[in-house]
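Dear colleague,

I would be grateful if you could read the two side by side.

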Amino acid sequence: MVAEWNRRAPSLDVEPLQVIGRLLRWAEHGQRAIKDALRPLGLSYGDFDVLNTMRRRGDPAGVNPRELARSSLVTSGAMTARLDRLAEAGLVVRETDPADRRAVLVRLTERGEQLATEALAAVLAADEELLAPLDSAQREQLATLLKTALSPHETG
């Protein structure tokens, strides 16, 4: 592609296309791998994110849905829809916040905890397969480069 552009428009700098094009293709492969890993568990990536955010936080009292929405970068309406699905599946329960009876806290059920554990293992296996061509030093270097490239575009 670069050689073709160099012949067609020699003054055009197409180097960014090499990097961004490959990143986008790699991201597509990663998204597909994660989706495929979660499909047998009946989870979407959004469901996985909610379950494992709650699991990672480990608060036995539960998490405020607004905090979950903020950490997932979704609207409160989208989070409500996710939580409705997860509650209907018996993976989370909503309970009144003892500190504020007008608010609710959401926590994982035992089944939700187990599924979150299985889902994380499946996603980590998919990630590992995607990263398999890279050794440990290359992975660390890539993570550092991506962090540097992302930092001016990240909010919060």
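The protein averages a pLDDT of 93, and 99% of the residues score at least 70. The model is a predicted one, so please read the values below as computed from predicted coordinates. By element, confidence is highest in helix α6, at a mean of 97, and lowest in helix α1 (residues 2-8), at 81.

Regarding annotation, UniProt, in an unreviewed entry, places the feature "domain: HTH marR-type" at residues 13-151.

For V92, setting aside residues up to four places away in sequence, the residues touched are L51, M54, L83, L86, A87, V106, R107, L108 and T109.

Apart from neighbours within four places in sequence, D47 is in contact with R82, R85 and L86. L86 is also among the residues that V92 touches.

Two local features of the backbone may be of use to you. L73 has a positive phi of about 60°, although L73 is not a glycine. This residue sits in the loop between α4 and α5, and L73 counts as exposed because its relative accessibility of 74% is over the 50% cut-off. The other feature is at the start of α7, where a side-chain oxygen of D135 comes to within 3.1 Å of the backbone nitrogen of A137. Helix α7 itself (residues 136-150) has 15 residues, and its first and last C-alpha atoms are 21 Å apart, close to the 21 Å expected at 1.5 Å a residue.

How is the chain placed at its ends? M1, in the segment before α1, is exposed, with a relative accessible area of 52%. Leaving out neighbours within four places in sequence, M1 is in contact with L17 and Q18. The C-alpha atoms of M1 and L17 are 8.9 Å apart, for a separation of 16 residues in sequence. T155, in the segment after α7, is likewise exposed, at a relative accessible area of 73%. Between T155 and L23, which are 132 residues apart along the chain, the C-alpha distance is 20 Å.

Finally, E118 belongs to helix α6. With a relative accessible area of 45%, E118 is partly exposed, because this value falls between the 20% and 50% cut-offs. The C-alpha atoms of E118 and V14 are separated by 43 Å, and the two residues are 104 apart along the chain.

With kind regards

Definitions and conventions. Residues numbered from 1 in each chain as written. Predicted model: local features only at pLDDT ≥ 70, side-chain atom pairs only at ≥ 80, totals over all residues. Heavy atoms only, no water. Contact = heavy atoms within 4.5 Å. Helix = DSSP H or I, 4+ residues; strand = E, 2+ residues; numbered from the N terminus. Buried < 20%, exposed > 50% of the residue type's maximum accessible area, 1.4 Å probe, protein only. UniProt positions renumbered as here; feature names shortened; annotations may be inferred. pLDDT = per-residue confidence, 0-100. Expected span 1.5 Å × (residues − 1). Polar contact = N/O pair within 3.5 Å; in protein donor to acceptor, adjacent residues only side chain to side chain.
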